[in-house]
Amino acid sequence: MKIILWTELFWPSIGGIEVRCHALAKALIERGHSVTVVTSQGNHRLPDEDGIDGISIHRFGFLEALEKKNLDLFAGEIRRLGSLKAMLRPDIVHVMFTDPTVMFHWQTQGSSPVPTGIGIPIGIGGQNAGPDMLMGKTLAKADWVVAVSEAMLSDVRSMANIESKSSVIHNSVDKLDIVPEPLPFCPARLLCLGRLAREKGFDVTLDALAQIRSEFPGLTLVIAGDGGERSALMRQAGTLGLDDCVEFPGWVSPEDIPALINSCTAMIVPSRWREAFGNVALQAMQMGRPVIASNVGGLPEIVIDRLTGYLIPAENPGRLSDALRELMSDQVSAVKMGEKGRERAATQFQFSRYVDQHEQLYRRIIEQGPSRT
């Protein structure tokens with residue numbers, strides 16, 4: 001198959017979506033398919049044409065045209081995209097729908113329509129899906145819509161009549177060379193990992209830690225990542241008297257994440273919004289770590305309560321502190337939860353299965369042909 005994979009940003013950007021798109025594209029090429037990534041320039045001026053791991057990358061000024069409302073640039077990028085499509089003659093375009101650049105795809109569909117799959121890799125709560133809005137138009141025009149969790153599929157189906165052309169492909173984990181270390185308990189070391197934003201709920205973990213720290217001498221919490229809430233979280237830790245037991249190492253590169261998880265006892269995912277999936281929870285399970293997560297969004301599709309960890313109400317430091325107390329007081333159960341989580345990650349969220357499902361979906365979309373909506 002000749003595949004265009006469309007994402008707002010791509011390598012050398014290394015956010016969660018970019019890393020996942022890179023891995024999928026590389027795996028598809030290894031299976032004999034041709035993959036071209038269409039993406040935006042972003043904040044750094046990069047070559048319009050580039051490549052990595054056999055992936056052909058074409059960068060456009062989509063975001064600049066939209067931000068500056070530059071009609072000449074808009075028209076020029078539409079022409080350049082149309083020429084690229086005419087040259088490649090792709091069998092399918094798979095758009096990771098996270099931003100408005102999808103409108104450039106729709107603007108070039110008229111002369112030679114290409115079957116289009118729309119991926120929903122992030123939460124979409126609160127978006128307007130009216131027929132005149134970009135979300136509504138995109139859902140209506142898509143030949144298929146694929147979400148990363150049943151929770152997100154439910155959300156997107158509530159916005160449009162797409163039951164007959166939508167499904168779920170859960171995210172996955174690839175095999176790691178690193179061997180999981182035994183869970184450390186003397187002292188225990190807890191981990192929160194991700195963008196430091198209010199919706200991630202890391203402030204709830206600090207409140208819960210303040211309730212139990214005297215019961216577990218040497219207990220440490222690592223809040224890894226960067227973002228707008230970093231200063232507020234550091235101030236909160238100081239106000240709660242936690243300066244000596246909370247670490248803020250900053251941004252962690254993807255290749256260093258397994259080792260960081262391997263140094264900790266448990267992962268805490270205290271999100272207060274509907275997580276589309278919960279990649280860090282799955283990464284922790286792969287490393288044999290029990291996970292304490294909010295019972296929101298796609299997280300309950302990963303974490304099984306009291307089997308691979310604990311599911312707790314969002315924004316509830318009391319329930320979080322209870323779960324932490326139970327986890328650290330019963331080391332045998334904690335280790336078993338980690339083992340069950342690792343088994344679940346290996347059997348239910350295999351990367352090869354993830355690639356298989358995309359191949360099958362692409363063939364299905366190509367066979368049915370492009371919509372004329």
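## The loop at T108

T108 sits in the loop between helix 4 and strand 6 (116–120); helices (H or I, at least four residues) and strands (E, at least two) are DSSP runs, numbered from the N terminus. This is a predicted model, in which local features need pLDDT of at least 70 and side-chain atom pairs count only at pLDDT 80 or more, while totals for chains, interfaces and linings use all residues. Residues are numbered from 1 along each chain as its sequence is written, and side-chain values use heavy atoms, with hydrogens and water left out.

T108 has a relative accessible area of 8% and is therefore buried (buried means under 20% relative accessible area, exposed over 50%, partly exposed in between, with a 1.4 Å probe and protein chains only). A polar atom of the T108 side chain lies 3.2 Å from the backbone oxygen of F104. A polar contact of this kind is a pair of N or O atoms within 3.5 Å; within protein, one must be able to donate a hydrogen and the other to accept it, and residues adjacent in sequence count only if both atoms are side-chain atoms. Leaving aside neighbours within four places in sequence, T108 is in contact with I78, L81, G82 and K85 (contact means heavy atoms within 4.5 Å).

## Helix 3

Helix 3 covers residues 71–88. Its 18 residues reach 26 Å from the first C-alpha to the last, close to the 26 Å expected at 1.5 Å a residue; the expected span is 1.5 Å times one less than the number of residues. At the N-terminal end, N70 caps the helix, with a side-chain oxygen 3.1 Å from the backbone nitrogen of D72. Just after the helix, R89 takes a positive phi of about 50°.

The buried residues of helix 3 are F74, G76, E77, I78, L81, L84 and K85. They pack against strand 1, strand 2, strand 4, helix 2 (62–68) and helix 4 (102–107).

The chain crosses from strand 1 through helix 1 (residues 16–30) to strand 2 in a right-handed β-α-β crossover; right-handed means that, with the strands pointing away from the viewer, the path from the first strand over the helix to the second runs clockwise.

Strand 2 (residues 34–40) is mostly covered, with six of its seven residues buried. Strand 2 also pairs with strand 4 (residues 55–60), again in the parallel sense over five bridges. There, F60 in strand 4 is the bridge partner of S40.

## Nonpolar cores

The largest nonpolar core has 62 residues, of which I118, L191, M267 and V291 touch the most other members. Such a core is a set of buried Ala, Val, Leu, Ile, Met, Phe, Trp, Tyr and Cys residues joined through side-chain atoms within 4.5 Å. Helix 10 (residues 279–286) gives the largest share of this core, five residues. A second, separate core of 34 residues includes F185, A188, L190 and L209.

## Backbone exceptions

Most residues other than glycine have a negative phi, and most peptide bonds are trans. The peptide bond from W11 to P12 is cis, with omega near 10°, and P12 lies in the loop between strand 1 and helix 1. The bond from C186 to P187 is also cis, with omega near 0°.

E315 is not a glycine, yet has a positive phi of about 55°. This residue is found in the loop between strand 14 and helix 11 (317–329), and E315 counts as partly exposed because its relative accessibility is 45%.

Methods: Two strands pair if DSSP finds at least two bridges between them.
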